[in-house]
Amino acid sequence: MERISIFELKDKAGYELPPLVFDIEKGLIRKFAEAVGDDSPRWQAEAPPSLIPALGFDKVYELLASSEEVAVLHGATEVEFHRPVRLGDTVTMRAKIASARERISGRRTTVFVNFDIAYTNQDNELVASCRQTALVTKND
């Protein structure tokens, strides 16, 4: 995946990442449920809702981590769930940079990057919509 320099981020509003596709299979659900300590029997047939905004965000961070000197931190997540994601579904993540705001303090540059993300199932039905904020920092 292409990486974007911290100094280019503020000019990238509207940039769309390539779509990412995820098969919602039993192993993925089990690992996630174990990681968050939720052993509800409900997750035998359905994905925990909190799994959905976690899908693919590693690729978003990869895009933002343009060099070893850049730190990427999770800032915030706002999510709206529209329908359950079931075992066997295929979820496509489409993300774009909604806005980026640069702040310079001393020798440190921080860019607050907001992503609008849509998650759809194999029937192209919206299962979740999300706004995630990442803080991208570099010491100059």
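Student: Which strands does helix 2 lie across, and at what angle to strand 2?

Tutor: Contact means heavy atoms within 4.5 Å, and angles (0 to 180 degrees, between N-to-C directions) use axes fitted to C-alpha atoms, for helices over the stretch in contact. Helices (H or I, at least four residues) and strands (E, at least two) are DSSP runs numbered from the N terminus. Here, helix 2 (residues 57-64) lies across strand 1, strand 2, strand 3, strand 4 (108-120) and strand 5 (126-139), at about 145° to strand 2. This is a predicted model: local features need pLDDT of at least 70, side-chain atom pairs count only at pLDDT 80 or more, and totals for chains, interfaces and linings use all residues. Numbering starts from 1 along each chain as its sequence is written, and side-chain values use heavy atoms, leaving out hydrogens and water.

Student: In what order do the five strands sit?

Tutor: Pairing takes at least two DSSP bridges. This open sheet reads 1-3-4-5-2, paired antiparallel. Strand 1 (20-23) and strand 2 (70-81) are at the edges with a single partner each, so one side of each has no neighbour in the sheet. Strand 1 has four bridges to strand 3 (residues 90-105), and Phe22 sits opposite Val91 there.

Student: What caps the N-terminal end of helix 1?

Tutor: Glu25 does, with a side-chain oxygen 2.7 Å from the backbone nitrogen of Gly27. After helix 1 comes Gly37, with a positive phi near 70°.

Student: Which residues does Tyr119 touch?

Tutor: Skipping residues up to four places away in sequence, its contacts include Ile52, Pro53, Val91 and Cys130.

How values were computed: A polar contact is a pair of N or O atoms within 3.5 Å; within protein, one must be able to donate a hydrogen and the other to accept it, and residues adjacent in sequence count only if both atoms are side-chain atoms.
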